[in-house]
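This report describes the strands, sheets, helices and charged pairs of one structure. The sequence and the structure are shown first.

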Amino acid sequence: ENKVKLHLHVNISAIFDDNGRVSNAIIQHVDITKQKEAEEALAKSEEKYRNALIEANHFAEIMDNIPTYIYIKNLNHEYVYANQLTLNLFKSSKENLPYNFDPEFFPKQTVEQLWEIDNHIFTTGATTNNEVESINYNNEKSIFWEKKYPLYDELGKIWGLAGISVDITEYKRAEQALKASEEKLKMLNSDKDRFISILGHDLIAPFNPILGILHILSENIHNFDINKIETLIKSVNNSALNVYNLLEETLIWANSHSGKLPFEPQMFLFSEICEEVIDFFKPNFSKKNITVENSFNDKLVLYADKKMIKTILRNLISNAIKFTNEGGMINIRAEQDSKEVIISVSDNGIGISPENISKLLDNSHTYTTTGTALEQGSGLGLILCKEFIEKHGGKLLIDSEPGKGSTFKITLPVFSK
C-alpha cells in the first residue's frame, strides 16, 4: 500500500448554541502539499547553491595559491579565467581579465607562437606539451613549460582550452650553466692531456738527437775537421731552434687558454710584420730552394693585435714551408674590400685531403704530419691560428687538393671608427 505524504492547512471554527456552548464545528482544510514541496525544493536549492558557492570560493582560493599559471581561453583566444599568478603576470585583475587577448599581454612574436599551439588544439583536440619562449615588452626573456587541454561542451564540441604553465627560466639557465661548465671541464682536461703530451713527447724527443750530436762532438772535437764540426753544429742549431719555436708556441697557447694572454688591438702596417716574418724564414726558404712571392699593398693598415697576427702569419708560412717540395713556391697575398681584409698564404706543395682538413681544426685533439723534409710539428699551430683569428671576429678558411697545394685564407673585419 503506497503512502502519500500530504501537507494540509487546517482551519477549525466553533459554532455556539444559545447558552454559549459549542454545539458544532466547521473544519476547513487546504491541500498545500505542492506548496510545501516547492518550499523544500527551494530550500535545498539554496543550500546547494550556498555549498557550491563555498566550494567555488575554496577552489578559487586553491587555484590562486598554486605556484603555477592556470587559465582558460575560448575559441577566439579570449581569456575567460585566470588564477592570481597568471593575473599578476598580465598585470590584470579578475574584473578586467574576461575576454582579454594575448596581444594585450605579449609582443607579436610570442602571440603568434601561442596561437599556433592553440589552433592546433582547437582543430585536432590534441593535448600539447611545449616549451615556449616569451619575450615581454621590456625585452626580458622567459621560458615556460606549457600543457594545454581541449575543453568540450555538452554536445561534445570543443569550445576552448585549459592551460597550465610553469616558469622554467631559472632551471634553463642553470641547465645551460651546467652544460657550459661540463664543456669547460672537458676542454680543461683535453688541454691538460695535450700539454702533458707535448711536454712528454714533442719537447723531450728533439733533445735525443741534440744530446747525441753533442756527445759525438765532445768525444771527437779534436778528430773531426772543421766542415764536419760545422755540419754537426748546424744540425744541433736547427734542432734547438725547432724546440724553441715549439716551446714558444706551447706557452702562447697555454697563456691564451688560461686567459693570461691579453688582446690588444692597434693600428699597424701589414707589410711591417709580413716582411719581418719572411726575413725570419729566409734560411728555411733557402734550404728548400723555395721561391716567395708577395702580393699586397705596402700601405694596407690592420686594426688587430700585432703579436697575434704575427703568430698567425708565422704559423701559416711555417706550415707552407713544411709541406712544400724542394724548389716549390709560396705566395703571400693581402687585400681589402669594404667589409673585410683577406690574407692568404698559398703553396704548390703536397696538399691536404678533405678528411685531414677537418682534423687540423679539431680542438679536441692534436693532429700533425711529417713535412716533405721530415719536419716535425706539435699540431698546435693551426688551432692557435684559428683561436686568434676568431678572437678578432674573423675566420680561417682552407682550400686544398692533394698533390696541388694548399691555400690558407684569413678574413678579418675592417676597422670602422
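## The hairpin of E1 and E2

E1 and E2 form a hairpin with 5 residues between them, and Gly-20 in the turn has a positive phi of about 85 degrees. Strand E1 (residues 8-16) pairs with strand E2 (residues 22-31) in the antiparallel sense over 9 bridges; two strands pair if DSSP finds at least two bridges between them. Ser-13 stands opposite Ile-26 in E2. Helices (H or I, at least four residues) and strands (E, at least two) are DSSP runs, numbered from the N terminus.

## Basis of the description

This is a predicted model, in which local features need pLDDT of at least 70 and side-chain atom pairs count only at pLDDT 80 or more, while totals for chains, interfaces and linings use all residues. Residues are numbered from 1 along each chain as its sequence is written, and side-chain values use heavy atoms, with hydrogens and water left out.

## The antiparallel sheet

An open sheet is formed by 5 strands in the order E4-E3-E7-E6-E5, with antiparallel pairing. Strand E4 (79-82) and strand E5 (128-135) stand at the edges with a single partner strand each, so one side of each is left without a neighbour in the sheet. On average, neighbouring strands of this sheet are turned by 25 degrees against each other, direction ignored. Axes are lines fitted to C-alpha atoms, for helices over the stretch in contact, and angles run from 0 to 180 degrees between N-to-C directions.

Within this sheet, strand E3 (residues 69-74) and strand E7 (residues 158-167) pair in the antiparallel sense over 6 bridges. Tyr-71 has Gly-163 as its bridge partner in E7. Helix H3 (residues 108-124) packs on the sheet and touches E3, E5, strand E6 (141-152) and E7; the direction of H3 makes about 165 degrees with that of E5. Contact means heavy atoms within 4.5 Å.

## Salt bridges

Side chains of opposite charge can pair when their charged atoms come close. A search of the whole structure finds 15 salt bridges, each being a side-chain nitrogen of Lys or Arg within 4 Å of a carboxyl oxygen of Asp or Glu. One of them joins the side chains of Lys-73 and Asp-102 (2.7 Å, N to O). This pair links distant parts of the chain, 29 residues apart: Lys-73 lies in strand E3, and Asp-102 in the loop between helix H2 (84-90) and H3.

## The mixed sheet

Another open sheet has 5 strands in the order E9-E11-E12-E14-E13, and its pairing is mixed. At its edges stand strand E9 (291-296) and strand E13 (395-401), each with a single partner strand, so one side of each is left without a neighbour in the sheet. Neighbouring strands here are turned by 10 degrees against each other on average, direction ignored.

Strand E12 (residues 340-347) and strand E14 (residues 405-413) pair in the antiparallel sense over 8 bridges. Pro-413 in E14 is the bridge partner of Glu-340. H9 packs on the sheet, touching E11, E12 and E14, and its direction makes about 25 degrees with that of E12. H7 lies across E9, strand E11 (329-336) and E12, running at about 175 degrees to E9.

## Helix packing

Two packed helices are described by the angle between their axes and the distance between the axes. The axes of helix H7 (residues 270-280) and helix H9 (residues 306-322) come within 10 Å and cross at roughly 40 degrees. H7 and H9 are therefore oblique to each other; angles under 35 degrees count as roughly parallel, over 145 as roughly antiparallel, 65 to 115 as roughly perpendicular and the rest as oblique.

The axes of H9 and helix H11 (residues 381-391) come within 9 Å and cross at roughly 145 degrees. Their contact involves residues including Met-308, Thr-311 and Ile-312 of H9, and Leu-384, Cys-385 and Phe-388 of H11.
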